[in-house]
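Dear colleague,

I am handing over the structure below, together with some notes on what came out of going through it. Please read the notes with the coordinates open beside you.

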Amino acid sequence: MTISDREASRSSQLNAELSSLQADVKLILLNPNTGERLAFGPGVAELCIGVKEHGSLKAAAAEMGMAYSKAWKIIGEAEESLQIQLVLRQAPKGCTLTEAGEQLLAGYLELAEDISKYAEFRLQRVFPRNAPEH
């Protein structure tokens, strides 16, 4: 095997490794007026989805393997940072998302999906799945 053959083989192997990469993009929405670094990201979105599905933050937290008190802390910090109430307590029945919480969650999920699709599209352009062999 010549040096040129070995280099071509190494290049082909590298192309195969790079073409198998996947994009994982995390969207975080911030409120520039509060100066907070985290307001609404994947964790808050997952809690909101759980509240929407179960009608309970306790059930949403349990589903995520999270303490109920930690879930309330995360929701409270997000609400403070966003200056928007996300969750409405309905004791003793549990809780629901507010209208603003519903709108924010829907918009967040739509943006996250769009960004994820675009990142995957760009990744395939940068590292083609079927890279030509030399």
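Helices here, as a definition to keep in mind for what follows, are DSSP runs of H or I with at least four residues, numbered from the N terminus. Please also bear in mind that this is a predicted model.

To begin with the overall layout, the protein chain holds 5 helices and 2 strands, and along the sequence these elements follow the pattern α-α-α-α-β-β-α. Of the 134 residues in the protein chain, 26% count as buried, and the accessible surface comes to about 9100 Å², with 52% of that belonging to carbon and sulfur atoms. Among the contacts in the protein chain with a separation of 6 or more, 50% are accounted for by residues 24 or more positions apart.

The element I looked at in some detail is helix 4, which covers residues 68-82, has 15 residues and reaches 21 Å from its first C-alpha to its last, close to the 21 Å expected at 1.5 Å a residue. Directly after helix 4 comes Q83, which has a positive phi, near 60 degrees. Within helix 4, the residues A71, W72, I75, A78, E79, S81 and L82 are buried, and the partners against which the buried residues of this helix pack are helix 2 (42-54), helix 3 (57-64), strand 1 (87-89) and helix 5 (99-126).

Helix 5 is also where L111 has its place. Together with V25 and I115, L111 makes a nonpolar surface patch of about 220 Å².

Which residues does L21 contact, leaving aside its neighbours within four places in sequence? They are L123, F127 and R129. For the pair L21 and R129, the distance from C-alpha to C-alpha is 9.0 Å, although the two residues are 108 residues apart in sequence.

Definitions and conventions:
Residues are numbered from 1 along each chain as its sequence is written. This is a predicted model: local features need pLDDT of at least 70, side-chain atom pairs count only at pLDDT 80 or more; totals for chains, interfaces and linings use all residues. Side-chain values use heavy atoms; hydrogens and water are left out. The expected span of a helix is 1.5 Å times one less than its number of residues. Buried means under 20% relative accessible area, exposed over 50%, partly exposed in between (1.4 Å probe, protein chains only). Contact means heavy atoms within 4.5 Å. Patches are made of residues with over 30% relative accessible area and no salt bridge: like charges are joined within 9 Å, nonpolar side chains (Val, Leu, Ile, Met, Phe, Trp, Tyr) within 5 Å. Accessible areas come from the Shrake-Rupley method with a 1.4 Å probe; for residues, only the protein chains shown count as cover. A salt bridge is a side-chain nitrogen of Lys or Arg within 4 Å of a carboxyl oxygen of Asp or Glu.
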